[in-house]
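Welcome! Take a moment to look over the sequence and the 3D view before reading on.

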Amino acid sequence: YSYPLPTLWLKIFKTVIIVLQGIISGCSVVSCIMSVVSSNSDEVKKALQGEVDSTVLPLFNVYNIVMAVLLAAVVALCVITYREMAELTTRSYKRLKLFIVFTSCVNAVSTAAGELFRYFIFVNTEYSVDVSNILFAAFAVVLMIFWMILNLRYFKKRKDLFTD
């Protein structure tokens with residue numbers, strides 16, 4: 001691109017970040033489905049205490065089902081955004097902003113909720129969990145907010161690259 005501002009991150013974002021996000025989200029969909037299947041096994045139910053099994057585990061399954069749907073939407077958004085970024089149009093700019101905000105929110109919620117569930121499910125079992133799980137959940141949210149703001153600012157400064 002012949003442009004006064006650097007566009008290296010645009011090229012990396014377009015060819016690497018969107019593709020990796022799609023691959024990771026696709027794998028995460030499979031992981032969520034496998035978590036629901038495995039959490040209903042007798043071995044897992046025996047390892048967990050009865051109270052946790054009856055209260056938190058159903059919420060964990062609902063969380064995994066909701067996350068599987070959201071992550072499948074991320075995969076679809078990755079494919080659409082990748083195709084639209086082939087041409088830098090105003091439509092692709094709007095899609096890119098949606099991609100940044102939606103994927104950042106889904107990633108933050110996914111990581112934070114996963115860590116919190118891990119903490120509450122395994123807190124009174126033989127598995128090792130502690131307050132670091134909660135701190136990691138908070139860190140994930142802060143990191144995703146930071147990632148989203150930086151990317152939105154970067155692309156806002158290059159908005160005039162996206163023309164019809």
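## About the model

This is a predicted model, in which local features need pLDDT of at least 70 and side-chain atom pairs count only at pLDDT 80 or more, while totals for chains, interfaces and linings use all residues. Residues are numbered from 1 along each chain as its sequence is written, and side-chain values use heavy atoms, with hydrogens and water left out.

## The overall fold

The protein has five helices and zero strands; helices (H or I, at least four residues) and strands (E, at least two) are DSSP runs, numbered from the N terminus. Of its 164 residues, 40% count as buried, where buried means under 20% relative accessible area, exposed over 50%, and partly exposed in between (1.4 Å probe, protein chains only).

Contact here means heavy atoms within 4.5 Å. Among contacts between residues at least 6 apart in sequence, 76% join residues at least 24 apart.

## Helix α1 and valine 29

Helix α1 covers residues 8-39. Its 32 residues should span 46 Å at 1.5 Å a residue, and the end C-alpha atoms are 44 Å apart, which agrees; the expected span is 1.5 Å times one less than the number of residues. The helix bends by about 35° at lysine 14, the bend being the angle between axes fitted to the seven residues ending there and the seven starting there.

Valine 29 belongs to this helix and is buried, with a relative accessible area of 17%. Apart from neighbours within four places in sequence, valine 29 is in contact with Ala68, Leu71 and Ala72. Valine 29 and alanine 72 lie 43 residues apart in sequence, yet their C-alpha atoms are 6.4 Å apart in space.

## The nonpolar core

A nonpolar core is a set of buried Ala, Val, Leu, Ile, Met, Phe, Trp, Tyr and Cys residues joined through side-chain atoms within 4.5 Å. The largest one has 30 residues, of which Leu10, Phe13, Phe155 and Phe162 touch the most other members. At least two residues each come from α1, α3 (50-84), α4 (90-122) and α5 (131-157), and α3 gives the largest share, nine residues.

Serine 92 sits in helix α4 and is buried, with a relative accessible area of 1%. Its side chain reaches the backbone oxygen of threonine 89 at 2.8 Å.

Leaving aside residues within four places in sequence, serine 92 is in contact with Glu84, Met85, Glu87 and Phe162. With residues up to four places away not counted, phenylalanine 162 touches several residues, including Leu10, Ser92, Tyr93 and Phe155.

Notes
Polar contact = N/O pair within 3.5 Å; in protein donor to acceptor, adjacent residues only side chain to side chain.
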